[in-house]
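Visitor: Could you walk me through this one? I'd like to start with the helices and then look at some loops.

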Amino acid sequence: MERDISKTYQSPLASRYTSPEMNYNFSDQKKFSTWRKLWLYLAQAEKELGLPITDAQLEEMAAHLDDVDLAAAAEHERRVRHDVMAHVHTFAAACPQAAGVIHLGATSCFVGDNTDLLVLRDGLDILLPRLARCLQRLAAFAERHAALPTLGFTHLQPAQLTTVGKRACLWLQDLLQDEAALRQLRSQLRFRGVKGTTGTQASFLQLLDGDHDKVQRLDRRVTELAGFSSCYTICGQTYPRKVDVQVVQALAALGATAHKMCTDIRLLASMKELEEPFEKSQIGSSAMPYKRNPMRSERCCALARHLMTLPSNALQTAATQWMERTLDDSANRRITLSEAFLSADGVLMTLQNICEGLVVYPRVIERHVQQELPFMAAENIIMAMVKEGADRQECHEQLRVLSQAAGDRVKQEGLDNDLVSRLRQSDYFAPVHARLDSLLDPASFTGRAEQQVSQFLSEEVAPVLSLYQGQLEGSAELKI
């Protein structure tokens with residue numbers, strides 16, 4: 001009977017937010033066809049080492065790697081209450097000649113854990129180029145706006161000027177650290193390999209007549225066939241659950257980066273200085289037609305918050321693996337690992353979409369700068385007056401009085417900052433009237449921000465992007 005999916009729960013991560021390739025990576029088809037590949041690799045390696053396995057048996061197994069009868073496997077599992085043995089029986093039914101050599105010498109974790117490591121590897125291979133595309137788009141944005149002065153904020157209060165591009169480099173800096181952490185984890189991933197029930201390889205030592213060298217060669221050969229360069233020498237029944245902790249923590253750290261960046265964008269959007277892409281027919285509010293809500297940034301923050309909760313699961317699982325292994329990790333890991341990667345995928349897809357369409361409003365930024373700049377220029381004005389022969393303390397007092405009056409006008413009357421007009425009307429400050437425009441040039445208050453952007457992009461961002469040549473094309477199309 002065909003299932004009505006409208007009456008069955010589907011994870012929004014899969015149905016709304018993530019890419020087809022990441023969904024496939026955690027699909028039943030990927031998982032169980034990988035199990036069959038691993039059984040084939042094991043049989044092939046065992047044949048090479050002299051076990052009585054025929055080419056016909058290997059060919060039969062190879063011919064049925066992808067035609068997994070999920071319904072039959074589910075029926076077997078209801079009967080035997082063991083997922084791996086259910087699929088052994090299902091594969092054996094499709095390969096009657098090879099039935100006797102499927103899973104020979106192995107334990108469930110041979111397929112389960114090794115498949116998980118392949119899925120982690122492939123998941124990182126999906127995420128890393130996606131992260132690199134975010135870096136590239138954001139770097140281009142930073143370069144375009146490297147010299148555009150804008151208010152800096154500390155404590156969410158106006159502070160010394162920075163530039164729009166320099167602020168974007170703060171986001172880039174965090175993303176670079178995430179890329180480095182994920183790339184390192186990818187390079188360090190190891191295969192569990194062929195280890196047996198408690199990691200001692202006892203079953204394979206018996207199968208290979210006590211030949212330790214052959215057991216090691218079997219382990220290396222299966223590792224090689226699976227596409228890994230190394231495997232663990234020491235493990236229990238499973239690969240170390242610390243690996244899950246490290247991967248999920250790195251993905252959660254990426255979530256924190258995206259949350260901070262998108263929160264900044266949301267704050268700037270409320271000031272109308274910066275805006276994420278807003279499509280022509282997009283509706284911001286069902287009640288308020290004028291609204292242009294930053295829904296993409298809000299989505300990133302929502303997904304990132306979920307992602308940031310997941311390391312506690314991985315930590316608890318690693319901490320409660322008694323002795324060589326307990327099975328209370330299984331159900332938790334099925335949820336935690338998939339949701340970590342799917343959440344990260346959704347975050348990066350959305351973030352790339354945002355970075356490809358960020359809009360800056362220089363006039364609004366300039367207006368905000370002009371409202372605060374006269375106060376910030378106080379020290380420059382005092383120094384200029386002193387050079388003209390004024391007394392520093394008297395100048396400070398004169399400027400304090402005018403600044404307080406201008407501040408009261410802003411706060412009490414809701415009017416614009418008129419400190420510059422007051423300075424121009426003051427006879428005391430006549431010696432610097434001709435220089436006020438240059439003293440108040442926003443570009444003179446941004447320090448080395450523009451040069452820092454240039455140096456950072458060339459010395460730190462460009463070398464990382466060079467690692468992803470040929471993988472940076474393509475825009476991020478969101479499902480919704």
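Predicted model: local features only at pLDDT ≥ 70, side-chain atom pairs only at ≥ 80, totals over all residues.

Visitor: Okay, how do α8 and α20 pack, angle and axis distance?

Guide: Helix α8, residues 164-188, packs with helix α20, residues 449-465, at an angle of about 20°, and their axes are 10 Å apart.

Visitor: So what would you call that, roughly parallel or roughly antiparallel?

Guide: Angles under 35 degrees count as roughly parallel, and α8 and α20 are therefore roughly parallel to each other. As for the handedness, α8 passes α20 in a left-handed crossing.

Visitor: Which residues meet there?

Guide: On the α8 side they include Gly 165, Lys 166, Cys 169 and Leu 172, as well as Glu 179 and Arg 183, while from α20 they include Ala 449, Gln 452, Val 453, Phe 456 and Glu 460. The residues of this contact of α8 with α20 divide into 9 nonpolar, 3 polar and 4 charged.

Visitor: Switching to α12: what should it span, and what do its ends say?

Guide: Helix α12 has 15 residues, 295-309, and at 1.5 Å a residue it should span 21 Å; its end C-alpha atoms are 22 Å apart, which agrees with that expectation.

Visitor: Which of its residues are buried?

Guide: In α12 the buried residues are Arg 296, Ser 297, Arg 299, Cys 300, Cys 301, Leu 303, Ala 304 and Leu 307.

Visitor: And what covers them?

Guide: The cover of the buried residues of α12 includes α1 (12-17), α11 (242-270), α13 (311-319) and α14 (330-355).

Visitor: Now the loops. What's the phi of His 155?

Guide: His 155 has a positive phi of about 60°, although it is not a glycine, and this residue is found in the loop between β1 (149-154) and β2 (157-163). Leu 156, found in the loop between β1 and β2 as well, also has a positive phi of about 60° without being a glycine.

Visitor: Is His 155 buried or exposed, and why?

Guide: Exposed means over 50% relative accessible area, so His 155, at 75% relative accessibility, counts as exposed. Leu 156 counts as exposed because its relative accessibility is 55%.

Visitor: Last one: where is Ala 99?

Guide: Ala 99 lies in the loop between α6 (83-94) and α7 (108-144), and at 30% relative accessibility Ala 99 counts as partly exposed. The C-alpha atoms of Ala 99 and His 433, which are 334 residues apart along the chain, are separated by 94 Å.

How values were computed
Residues numbered from 1 in each chain as written. Heavy atoms only, no water. Helix = DSSP H or I, 4+ residues; strand = E, 2+ residues; numbered from the N terminus. Expected span 1.5 Å × (residues − 1). Buried < 20%, exposed > 50% of the residue type's maximum accessible area, 1.4 Å probe, protein only. Contact = heavy atoms within 4.5 Å. Axes fitted to C-alpha atoms, helices over the stretch in contact; angles between N-to-C directions. Parallel < 35°, antiparallel > 145°, perpendicular 65-115°, else oblique. Left-handed = near helix turned anticlockwise from the far one by under 90°. Nonpolar A, V, L, I, M, F, W, Y, C, P; charged D, E, K, R; others polar.
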